[in-house]
Amino acid sequence: MSRPSPPEPYAIGRRTLLAGGAAALLAGCGVPRLPGLPQSQGTKPDPTAPPARVRLDKLWDTGGIGTVDDAAPAGDVVVVSGGLKGGQKIPFLADIAAFGLTDRKRIWTSQTVNRQLATIDPTLSVSDGQVVCETDSNAIVTVPTYQNPCPGGKGSCSTAETTRTDGKGLTAIRAADGRLLWHNLLLPAVPRSDPRARQRDDESVQVIAGDATRVLYIAGALDVVVGGEAPRSGQRIWTGLLDAATGKELWRVDDTKGKYLAGDVVLVDLVHEGQGDGAENDHGPVAALDAGTGRQLWSTRGTDSQRGRWIFGASGLAGLETQKSDGGYRADLLLDPRTGATRYTEKRVMMAAAAGIGPGGALMAVWFSPDSGIFAGSDDHLRSWAGGGPLRTGTQKLSDSPTLSGTLVAGGRIWATHSDYAGATNANRVAALDLWGRQLCDPVPGQACGAGTDHLVVLGDESATVYKVS
């Protein structure tokens, strides 16, 4: 039996996340700290004013580059991952590459990074998957790494040939030029004779989010890290935070599965052996950890709404879907992530929820309710949410039968991805919306996977397209 190259479960791409209605977390993950919500001030937008229309002009797509599984803007480049074609007599180049945001010029590839990793250990290479930590022109790309255990540098081998397990870690790359910033081997290889060898074969590392100073990751049992299962007997799972400048681990907390980095708070699922008898663990106790120390701030364990699922997290605001029992009573809550205090309760299902920077630089949250349309508001308008519900329900249909599968909040706009199942192709389309759900541009095909004030990156079927926003 041949040993596979870097494990496929590392490739947890944006397409998978958006299809599940989760908040996009690969682009623009550094959300600025904002004033406390009760003290936040701002000018309320005028819903009677004409909508601020935008225009999308296609700059380039990834045609001819190869198959693209994921894409994200990072400063002046777009980072893509998948099965990418090589150059200079290289027939095939897997994993990741970066291209100029405006001109598609190839800046660096996984080979650029692997040559630098080889100076640390010749068996190290990058693996699929990426999180882009956007901080103006100093964006970094954080990706998993794989340490090949095959003897003699062979590309593949049977387990019987190996004298040790493979190692798994994370590395940070400067997005602008592909320079290796640091590497941390979080799951070092162990000898085959070590009692931990079987467990190590079944363990994985996944990077979740990051900002200008920190990188959030989870590690442990593969089916817990990558899937939704609870740990089985003898399995382990933990959440850790790394220094973004050095890769040094700041802290780790066992029996937690990190979901979002929300300013100075880390939002986690609480997991334990036997929880759910190994079944999917989509609803269980959740908690918030102090990002500086890893100390638990609060949890839903032991409360009436013990079962819950994080919908999104951002500095100053978090979305949580709660479930009091298996009977189905659910409520979607907008919470203060540091205290767990409820700011707004919506007794409908949140779908395609997200948070980001809205008009005027204020934090904005948006979510879609299947029976009531799109709701949105910014941090200086939360009092109007709490007093009488959302600002306004969007009234303009995106299609005759829309189903939102993802949203982004970036550049002061809502980028909504939707599918028209009544159409001939069931194709996804992306449109810009304002606070009241008014459509601001003609839809374009694909799923929104990254945006800024001037650019939009859309993921298609094994491709990506970059648009100029004006």
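I began with Cys-150 and Cys-157 and found that both are buried, where buried stands for under 20% relative accessible area, exposed for over 50% and partly exposed for the range in between, with a 1.4 Å probe and protein chains only. The model I am reading is a predicted one, in which local features need pLDDT of at least 70 and side-chain atom pairs count only at pLDDT 80 or more, while totals for chains, interfaces and linings use all residues. Residues are numbered from 1 along each chain as its sequence is written, and side-chain values use heavy atoms, with hydrogens and water left out.

I then looked up how Cys-150 and Cys-157 are linked: they form a disulfide with sulfur atoms 2.3 Å apart, the criterion being a pair of cysteine sulfur atoms within 2.5 Å. The torsion about the S-S bond is -85°, and the link is left-handed. By this rule I count one disulfide. I also checked Cys-441, which counts as buried because its relative accessibility is 1%, and Cys-449, which is buried at 0%.

For the chain as a whole I noted five helices and 32 strands, taken as DSSP runs numbered from the N terminus (helices H or I, at least four residues; strands E, at least two). Of its 470 residues, 54% count as buried.

Next I turned to helix α2, residues 110–118, in which Ser-110, Val-113, Asn-114 and Leu-117 are buried. Seen down the axis of α2, these buried residues fall within an arc of 100°, so they line one face of the helix; the arc is that of the directions from the helix axis to the C-beta atoms. At the N-terminal end of α2 I found Thr-109 as the cap, with a side-chain oxygen 3.1 Å from the backbone nitrogen of Gln-111.

Lastly I listed contacts of Trp-251, leaving out residues up to four places away in sequence: they include Thr-239, Leu-241, Val-266, Leu-289 and Gly-294, with contact meaning heavy atoms within 4.5 Å.

How values were computed:
A polar contact is a pair of N or O atoms within 3.5 Å; within protein, one must be able to donate a hydrogen and the other to accept it, and residues adjacent in sequence count only if both atoms are side-chain atoms.
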